[in-house]
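Come along and check each entry as I go.

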Amino acid sequence: MIRHISRRHPAKSIVVAAAVLGSTLALGSTATAAGPTPRAGATPAAPAAAPASASATATATASAWAAGTRAHLVITAPGDTSAVRTAVTNNGGSVFASYDAIGVIVAHSTSSGFAAAMRGVAGVQQVGATRTSDVPADAYAPALPANPAQTPTTLTESLTRWDMTQIKADQAWAVTTGSPTVKVGVLDTGVDDRHQDIAPNFNAADSVSCAYGKADTRAGAWRDVGTHGTHVAGTIAAAKNGKGVVGVAPGVKISSVRIAEPGTSLFFAENTICGFMWAGDHGFKVTNNSYYTDPWQFNCPDNADQAAIIEGVRRAQEYAERRGSLQIAAAGNSNLDLANKTVDTESPNDSTPVRRTITNACLDIPTELPGVVTVAAMGKGNVKASYSNFGNGVIDIAAPGGDGASGVYSTLPGGKYGNMNGTSMASPHVAGVAALMASADPAATPADIRSRLGVQATDVACPSDSRCTGTTTKNGFFGEGQTDALKAVSGTTPPPGGYFETTTDVTIADNATVDSPLAVTGVTGNAPATLKVGVNIAHTYRGDLVVSLVAPDGTVYPLEDFADNDGTDNVSKTYTVNASAEVANGTWKLRVRDIATQDTGKIDAWNLTF
């Protein structure tokens, strides 16, 4: 059975529809969370040496593994770690990887007294076990993930998927689809780089596996050991190629950093550290992190092991940010108030979970680390997704994550497509918007982009729910609001012909017709045959509405007469109108007629792209 969507991990994400084979969608199928996913067809090979830029040292060999091997983080001063590395060996351990730039060593040992012994070594600041289970033997001779056969699709991509229109990505594409010089790192279960919608934007040169905490640069080591990472990658940057789906930033490049381990799909601290170091060393402007660092749902600083995990991952994140990379992370799927933590019943998840009392000092990492953008999930419309974690002062921003039948539709390995729900799906929407910002302003720092994400978000007020505290502009459910792709690129040069928008609210009363005017100037000749009309209407029952575009000469172009039984809230769509008979310059109007009683709303904003 499917468990409550407790976290972001792939094995615990809800899949509400999966597998497009050609143009056939198998609706209603579900994915189970019954245990490890086997890696079919993988073949063992020797691991590649880690790049010198990460200062990773591999002294452990395949013959060094034994039952009882555990991984530890040994924290020391950044710089020359040679003395501490020698101490690791002298105290019954081996150095699996070393990140000298941040003073973090990944050490393996079968000795139960290793951590205690190392804590007594001069220069050692912290030591902590990263697992409560053994390091797999696969760590010493990793098998390459399967390379799935590809199934071509005849599915024509839709530019009006609900999640994309809800954040105005479809309108942003009229301005820019993003720059191929912008690299986005997908730190996840891996990415199927041969997928028809990902291959055009895939950056193999900067892709890697960081499973077990050491960079494996062999071709294909970055591939998906599940489905989660491929789905995330498609939401960020699936190509705008006329088939399948299109990502928020379909012009940027995707790099896969596989940090999940095969079989378990768990993301341990050393893997995350390796991933952040790789991001910093390889020029990623943005990384997406739709996971939490296993095995602890929350890491508490009063526990020596967990304190070392917090410190090691924090240092790696800060390293990546100093080198120009902004981390975007999912808030989690347990419907918990992260601003009022009381209990953890899910940790450790690599052995036997125990119930423990926790406080707000205990952190969900990486999402609660300083500098990381924490993303909550929304359903279709301005609503909190039922599963999404929340918390005033913790949530930075919100984005579509899907809920129930309204899932987020994206890529799956083998050329397939399907729906998933989760904050895992919300985070890549924000990562895509951040990538558009980086494309529009190449000089923007991580701090610049982080600030602009909040400033440019669309405010979403708390619903009638006592758990949501704060103001309309910043609250515990939605942070600073829903991410907005159009605002992210609004400062760039408009497309040929011009882009015009009004954000002046116009109230829609019952049984009334209202017009919202928009002045167009400086456009030569007539409007195009493909005039784009972007419409955003807030209304509690759109079946009441008839929407039209009125040209400067008074000609009315019907856009949509919604079915009377359409009880969906709001309208967020882009229409294409053949307005080639109309002079472009002049005052255009969006006309909305309400034909019933009881439900009201407003024209929130609308735009024209010539």
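**Entry 1**

Where is Ser-265 found? I traced the chain and placed Ser-265 in the loop between β9 (253-258) and α6. I noted at once that this is a predicted model, so every value here is computed.

I looked up Ser-265 for its phi, which is near 55 degrees, a positive value in a residue other than glycine. Is Ser-265 buried or exposed? Its relative accessible area is 7%, so Ser-265 is buried.

Tyr-212 also went into this entry, with a positive phi of about 80 degrees although Tyr-212 is not a glycine. I found Tyr-212 in the loop between β8 and α5. Its relative accessibility is 3%, so Tyr-212 counts as buried.

**Entry 2: cis peptide bonds**

Next I turned to peptide bonds, and I reminded myself that most peptide bonds are trans. Which residue is joined to Pro-295 by a cis peptide bond? The partner is Asp-294, and omega is about 5 degrees. I placed Pro-295 in the loop between β10 and α7.

I wrote down another cis bond, the one from Ser-347 to Pro-348, with omega near -5 degrees. Pro-348 sits in the loop between β12 (343-347) and β13.

**Entry 3: disulfides**

A disulfide is a covalent bond between the sulfur atoms of two cysteines. How many disulfides does the structure hold? I counted three. With bonded cysteines counted along the chain, they follow the pattern 1-2, 3-4, 5-6.

I began with Cys-210 and Cys-274, joined by a disulfide with an S to S distance of 2.1 Å. The angle about the S-S bond is -60 degrees, and the link is left-handed. Cys-210 lies in the loop between β8 and α5 and Cys-274 in helix α6 (residues 269-281), so this pair ties together parts that are 64 residues apart in sequence. Both Cys-210 and Cys-274 are buried.

I moved on to Cys-300 and Cys-362, which form a disulfide with their sulfur atoms 2.1 Å apart. This link is right-handed, with 110 degrees about the S-S bond. Why does the pair tie together parts that are 62 residues apart in sequence? I found Cys-300 in the loop between β10 (286-289) and α7 (304-322) and Cys-362 in the loop between β13 (354-357) and β14 (373-378), so the pair joins those parts. Cys-300 counts as buried at 4% relative accessibility, and Cys-362 counts as buried at 5%.

Then I came to Cys-462 and Cys-468, joined with an S to S distance of 2.0 Å. The torsion about their S-S bond is about -70 degrees, so this disulfide is left-handed. I had to check each cysteine separately: Cys-462 counts as partly exposed at 25% relative accessibility, whereas Cys-468 is buried at 10%. The cut-off that settles this is 20%, because buried means under that value.

**Entry 4: Arg-223**

I went back to the loop between β8 (208-209) and α5 (228-237), where Arg-223 is found. Is Arg-223 buried or exposed? With a relative accessible area of 13%, Arg-223 is buried.

What does the side chain of Arg-223 make a polar contact with? I found the side chain of Asp-193, at 2.6 Å. Leaving aside neighbours within four places in sequence, Arg-223 is in contact with several residues, including Pro-145, Asn-147, Thr-189, Val-191 and Arg-258.

**Entry 5: two helices side by side**

For my last entry I followed α5 to helix α8 (residues 423-440). The two pack at an angle of about 35 degrees, with their axes 8 Å apart. The crossing of α5 past α8 is right-handed.

Which residues of α5 make the contact? I listed His-228, His-231, Val-232, Thr-235 and Ile-236. On the α8 side I wrote down Ser-424, Met-425, Pro-428, His-429, Ala-431 and Gly-432. Sorted by class, this contact has five nonpolar, six polar and no charged residues.

Methods:
Residues are numbered from 1 along each chain as its sequence is written. This is a predicted model: local features need pLDDT of at least 70, side-chain atom pairs count only at pLDDT 80 or more; totals for chains, interfaces and linings use all residues. Side-chain values use heavy atoms; hydrogens and water are left out. Helices (H or I, at least four residues) and strands (E, at least two) are DSSP runs, numbered from the N terminus. Buried means under 20% relative accessible area, exposed over 50%, partly exposed in between (1.4 Å probe, protein chains only). A polar contact is a pair of N or O atoms within 3.5 Å; within protein, one must be able to donate a hydrogen and the other to accept it, and residues adjacent in sequence count only if both atoms are side-chain atoms. Contact means heavy atoms within 4.5 Å. Axes are lines fitted to C-alpha atoms, for helices over the stretch in contact, and angles run from 0 to 180 degrees between N-to-C directions. A crossing is left-handed if the near helix is turned anticlockwise from the far one by less than a right angle, and right-handed if clockwise. Ala, Val, Leu, Ile, Met, Phe, Trp, Tyr, Cys and Pro count as nonpolar, Asp, Glu, Lys and Arg as charged, and the others, Gly among them, as polar. A disulfide is a pair of cysteine sulfur atoms within 2.5 Å.
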